[in-house]
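Hi everyone, thanks for making time for this.

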Amino acid sequence: MQKLELWHNISCSKSNSAKDFLDQNGYEISIRDYLLNPPTKSELKELLKKLNISIFEIVRTGEEIYKELKLENIKDEEKLIDAVLLNPILIQRPILVSNNKAFIVRPPLKIEDALKELCK
């Protein structure tokens, strides 16, 4: 099986549910608390490639900082990436990452589908 990493926010119930599921089912994972260990620009871009989505699809638009910074007005992908790097709370969570692919496993039920895909 591929090495798995969970981009995790300990304050998020859905992220904790995903971690608990992986732990209870014996998956060996590394945990990345992306609030304490935020991604670099190249790491975030690599994650987006693995997810096969744009930055616009990974941003948590319900976060207060999103509204305060008026990020809905940003149409340039690079500018939004820069804003997310300064405010990693804006990254959707949890995200299950392997060598070649990544999946946003929200709601937690999506984790089983992601694991099936990763185990192919």
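Let me start with a question: of the 20 residues in the largest nonpolar core, which touch the most other members? This is a predicted model, so please keep that in mind as we go. The residues with the most contacts to other members of that core are L47, I55, I58, V59, I91 and I95. Two or more residues of this core come from each of α2 (41-51), α4 (77-86) and β3.

Have a look at I91 for a moment. If we set aside neighbours within four places in sequence, I91 contacts W7, Y34, P39, L44, I58, R60 and V84.

Now to the sheet. It is open, has 4 strands in the order β2-β1-β3-β4, and its pairing is mixed. Since β2 and β4 are at the edges with a single partner strand each, one side of each is left without a neighbour in the sheet. From one strand to the next, the twist averages 20°.

Let's go through the pairs. β1 pairs with β2 (residues 29-33) in the parallel sense, over 5 bridges. Within that pair, L4 is opposite I29, and E5 is opposite S30. The chain gets from β1 to β2 by way of α1, and this β-α-β crossover is right-handed.

On to β3: it runs antiparallel to β1, and 3 bridges join the two. Here E5 turns up again, with V97 of β3 as its bridge partner. β3 and β4 are antiparallel too, again over 3 bridges, and I95 has I104 in β4 as its bridge partner. α1 packs on this sheet, where it touches β1, β2 and β3, and its direction makes about 155° with that of β1.

How many of the 5 residues of β1 are buried? The count is 4, so β1 is largely enclosed by the rest of the structure.

After α2 comes N52, with a positive phi near 60°.

The other helix is α5, residues 110-118, where I111, A114, L115 and L118 are buried. Why do these line one face of the helix? Seen down the axis of α5, the buried residues fall within an arc of 100°, so they share one face. As a reminder, an α-helix has 3.6 residues a turn, so residues three or four places apart point the same way. The face turned away from the buried side carries D113 and K116, both exposed. Among the elements covering the buried residues of α5 are β1 (4-8), α1 (13-24), β3 (95-97) and β4 (102-104).

Definitions and conventions. Residues are numbered from 1 along each chain as its sequence is written. This is a predicted model: local features need pLDDT of at least 70, side-chain atom pairs count only at pLDDT 80 or more; totals for chains, interfaces and linings use all residues. Side-chain values use heavy atoms; hydrogens and water are left out. Buried means under 20% relative accessible area, exposed over 50%, partly exposed in between (1.4 Å probe, protein chains only). The arc is that of the directions from the helix axis to the C-beta atoms. Contact means heavy atoms within 4.5 Å. A nonpolar core is a set of buried Ala, Val, Leu, Ile, Met, Phe, Trp, Tyr and Cys residues joined through side-chain atoms within 4.5 Å. Two strands pair if DSSP finds at least two bridges between them. A crossover is right-handed if, with the strands pointing away from the viewer, the path from the first strand over the helix to the second runs clockwise. Axes are lines fitted to C-alpha atoms, for helices over the stretch in contact, and angles run from 0 to 180 degrees between N-to-C directions.
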